[in-house]
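Please look over this chain and its fold.

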Amino acid sequence: MTDLSNVETNRRQFVQLTAAGLAATGAGMLSQSAFANGAPPKIQRAAGGFAGGPIKEGSVVADPTNIPSSVDWDTPRSHDVELVATRVEAEVMPGVKHRFMTFNGQIPAPMIRVRQGDTLNVTVTNRAENESSHSVDLHAVIGTGGGGHFTEVAPGKSKSFSFKALNPGAFIYHCGVSNLDEHISRGMFGMILVEPEYGLPPVDREFYIGQHELYTKSNFGVRGDAEFNGRAMLSEAPNYVLFNGAVASLTGAGYGAMKAAVGETVRVYMVCGGPNLTSSFHPIGNIWSRCWPQGGLANEPLKYIQTWPVSPGSCFVGDMALPVPQTVTLVDHAVSRVVNKGLAAQIEVSGDPNPEILNAG
Ligand SMILES: [Cu+2]
């Protein structure tokens, strides 16, 4: 039987959060993690073209700053990428658990970052304790099924294939088995960034986030095991719409906001897993001063864009100038998903006020 008092408690917490403009209140819905405490390095450097990690043990929320470094090589390289299909029981919000399906235990899956012309040796390992087959379809692959055909693998086994990243862009990768809609909804998607040969304009900080929707039998906020609901998926009516796999995960009410400083330029890499909803991606209190819609990095960027649709199975790369101290709240501007379904991420911008640009009066 549904415990409505719990629904009310959880909903109240979340409504308080959104009513406050999703300010970084530190309401403590989820425990804090290290990345939000103190100033992180401007851009983390990681060896090779493949990096990631959940923000905390036992959580699926990917650390948005734990991504590979910019490409600093100018001749083609090879990269080994191992994607491990891993079931993780984790909190969607306090008291609400789901048995997620992930690559490498995190949502979104680790960012793969290579240079146009590089070769990738991709292995999909399906852990023995899993119940179903998994695979990977990378949109950077030119070939049948994007690699899904070569990598579909039963529990306890591994399969590999290689491909050359011919075209620059920010591309999604996702599980590609026949019921991929369920597997993506439960967490199996991430981004492969193929930098153009000439690279990308430098920025001060980079963040990586992923949007997807979770279809559950229990309503938003109902404590206990939120089991997957295939019927709700067919109706495209999710109870949760999430960044990085948890309600308000990257805000003061979750694991803490991402951090930046006045005068910096930040870049947001966003992947929309879906499986069904298009994100109207908008930074509240700012705009995309330069962006590459659908991850089309070979094109000239658009300038001064408020909101851009990011389709399921696509990506977005957007830069923001930060002239004043503020909290930027990243949302899907289909705002019922923010107010009622858990979608929000924040960037906290610290520094001195700039009254010529903004004067609180
Ligand atoms: Cu799968």
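The report below moves from the whole chain to its sheet, its core and single residues.

**Basis.** This is a predicted model, in which local features need pLDDT of at least 70, side-chain atom pairs count only at pLDDT 80 or more, and totals for chains, interfaces and linings use all residues. Residues are numbered from 1 along each chain as its sequence is written.

**Whole chain.** The chain has 5 helices and 21 strands. Helices (H or I, at least four residues) and strands (E, at least two) are DSSP runs, numbered from the N terminus. Of the 361 residues, 50% count as buried. A residue is buried if 20 or more other C-beta atoms lie within 10 Å of its own, exposed if 12 or fewer, and partly exposed in between; C-beta atoms are placed from the backbone. Among contacts with a separation of 6 or more, 73% join residues 24 or more positions apart. Two residues are in contact if their C-beta atoms, placed from the backbone, lie within 7 Å.

**Strand pairing.** An open sheet of 5 strands has the order E7-E5-E2-E3-E11, with mixed pairing. Strands E7 (158–164) and E11 (224–225) stand at the edges with a single partner strand each, so one side of each has no neighbour in the sheet. Two strands pair if DSSP finds at least two bridges between them.

| Strand pair | Bridges | Facing residues |
|---|---|---|
| E5 (residues 119–126) and E7 | 7 bridges | Val122 and Phe161 |
| E10 (residues 205–214) and E12 | 4 bridges | Gln211 and Phe243 |

Strand E12 (residues 240–243) is covered on both faces. Tyr240 and Leu242 are buried on one side, Val241 and Phe243 on the other.

**Core.** The largest nonpolar core has 92 residues. Such a core is a set of buried Ala, Val, Leu, Ile, Met, Phe, Trp, Tyr and Cys residues joined through C-beta atoms within 7 Å. Those with the most contacts inside it are Phe171, Met191, Ile192, Tyr269, Met270 and Cys315. Strand E2 gives this core its largest share, 7 residues. The core lies between domain 1 (4–22 + 204–350) and domain 2 (49–195), because both give residues to it. The domain bounds come from an automatic or database domain assignment.

**Single residues.** Leaving out residues up to four places away in sequence, Met270 touches Ile209, Gln211, Phe281, Val310, Cys315 and Phe316. His79 lies in strand E2 (residues 78–93). His79 is partly exposed, because 18 other C-beta atoms lie within 10 Å. The C-alpha atoms of His79 and Asp118 are separated by 7.7 Å, although the two are 39 residues apart along the chain.
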